[in-house]
Amino acid sequence: MLQLFKDLRHYRHALVTLFSVNVKTTVASARLGWLWWFLDPLIMMAIYYFIIRVVFQRGGENYHLFVLCGIVAWQFFARSLTAAVSAISKNRGIIRQTRTPMGLLIAVPCAVQLFFASVGILIVMGWSYATLGAQSLAVLPLLLLVFVIAYAVSLFVAVTQVFFADTAKLMTYGIRAGFFLSPVLYPTSRVLDADNIPAFAKLLFELNPMGWIIEAFRQVILDGGIFNWLQYGVQLVLALILVQLGLIYLRLCSNRIVKML
């Protein structure tokens, strides 16, 4: 991981350029441009609010903010993976000509989604302005944690995509399942307190890091509270270990990747 930071320092100017290009390309890919990044989570919120709150009469008070917070956090993670899975194959020219480390190229899409997620979080915070306070700054380490986890998983899927072209398609199903298996539309307590869900399924549910992170976002933004820093530290350490494993996987496969490109 130390080498990653050295590469980050050495290629910082190139990365800034790639980041800027990726942001502009992402915005230009939608006809509504920047407006789409404000509308998308709001439209998703409206759909699920209508289904859960209006049709099924569930969700409770301020469910619109509850679900919006979950959607923004989950989209940050999911879109990072979706964009990063092809980071190596799409940048074969850069890899061949400039020898830019592949680990950094995989990080760029995650950084772009961090930028857009920050915009989404600001929308939620502005809507829930009554709970704003000094604790609201705690969203910054939470965003960092999602970035680290997304980057760690992206290392594995981006490398695997080079050897197995259907990785992106399979990942789409995994992301779709993960959305409903994470507490985006419902609180964690709904799963943990349910008598009809077996203990092993609850354990697997609790092992999902995005579950804890989504609830932590809600605790800070909607409740005006603060999350458990010890749990945060454990999550961050595990995420960094996963990043290191991903970098090892990338290094072991790097020669084969260059030949295949």
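This note walks through selected features of the predicted model in numbered points.

1. **Annotated spans.** Start with the record. The unreviewed UniProt entry carries the annotation "transmembrane region" for residues 34-51, 63-82, 103-130, 136-158, 170-186 and 232-252. Two of these spans can be compared with the predicted fold. Residues 63-82 are 100% helix and 0% strand. The C-alpha atoms at the ends of that span are 28 Å apart. Residues 136-158 are 87% helix, again with 0% strand. Here the end C-alpha atoms lie 33 Å apart.

2. **A nonpolar surface patch.** Look next at the stretch that begins with Trp36. Together with Ile43, Ile47, Phe50, Ile51, Val54, Val55 and Phe56, Trp36 forms a nonpolar patch on the surface. The accessible area of the patch is about 710 Å² in total. Phe50 is one of its members. Phe50 belongs to helix H3, which runs over residues 34-55. The relative accessible area of Phe50 is 48%. Exposed would require over 50%, so Phe50 counts as partly exposed.

3. Follow the chain onward. Gln57 sits in the loop between H3 and helix H4 (63-84). Asn62 lies in the loop between H3 and H4 too. Gln57 is exposed, at 57% relative accessible area. Asn62 is partly exposed, at 43%.

4. The structure holds 13 aromatic pairs. One of them joins Phe227 and Trp229: the ring centres are 4.6 Å apart and the planes meet at 55°, so this pair is tilted. Trp229 also pairs with Tyr232, at 5.6 Å centre to centre. The planes of Trp229 and Tyr232 are 75° apart, which makes the pair edge-to-face. How far apart are Trp229 and Tyr232 along helix H13? They are 3 residues apart in H13 (residues 229-260), so about one helical turn separates them. Ring pairs link Trp212, Phe227, Trp229 and Tyr232 into a cluster.

5. **Buried or exposed within the cluster?** Phe227 is buried, with 3% relative accessibility. Tyr232 is buried as well, at 7%. Both values are under the 20% cut-off for buried. Trp229 is partly exposed, with a relative accessible area of 46%. So the cluster includes buried residues and a partly exposed one.

6. **Charges over rings.** Two arginines deserve a look. Arg218 lies over the face of Phe66, 3.5 Å from the centre of the ring. Arg256 has its charged end over the ring of Phe163. In that case the distance to the ring centre is 4.5 Å.

7. Lys169 is in helix H9, which covers residues 167-181. Lys169 is exposed, because its relative accessible area of 58% is over the 50% cut-off. How far is Lys169 from Gly211 in sequence and in space? The two residues are 42 residues apart in sequence. Their C-alpha atoms are 24 Å apart in space.

Key:
Residues are numbered from 1 along each chain as its sequence is written. This is a predicted model: local features need pLDDT of at least 70, side-chain atom pairs count only at pLDDT 80 or more; totals for chains, interfaces and linings use all residues. Side-chain values use heavy atoms; hydrogens and water are left out. UniProt positions are given in the numbering used here, feature names are shortened, and annotations may be inferred rather than shown by experiment. Helices (H or I, at least four residues) and strands (E, at least two) are DSSP runs, numbered from the N terminus. Patches are made of residues with over 30% relative accessible area and no salt bridge: like charges are joined within 9 Å, nonpolar side chains (Val, Leu, Ile, Met, Phe, Trp, Tyr) within 5 Å. Accessible areas come from the Shrake-Rupley method with a 1.4 Å probe; for residues, only the protein chains shown count as cover. A salt bridge is a side-chain nitrogen of Lys or Arg within 4 Å of a carboxyl oxygen of Asp or Glu. Buried means under 20% relative accessible area, exposed over 50%, partly exposed in between (1.4 Å probe, protein chains only). Rings of Phe, Tyr and Trp (its six-membered ring) pair if their centres lie within 6.5 Å; planes under 30 degrees apart count as stacked, over 60 as edge-to-face and the rest as tilted. A charge sits over a ring if NZ of Lys or CZ of Arg is within 6 Å of the ring centre and within 35 degrees of the ring normal.
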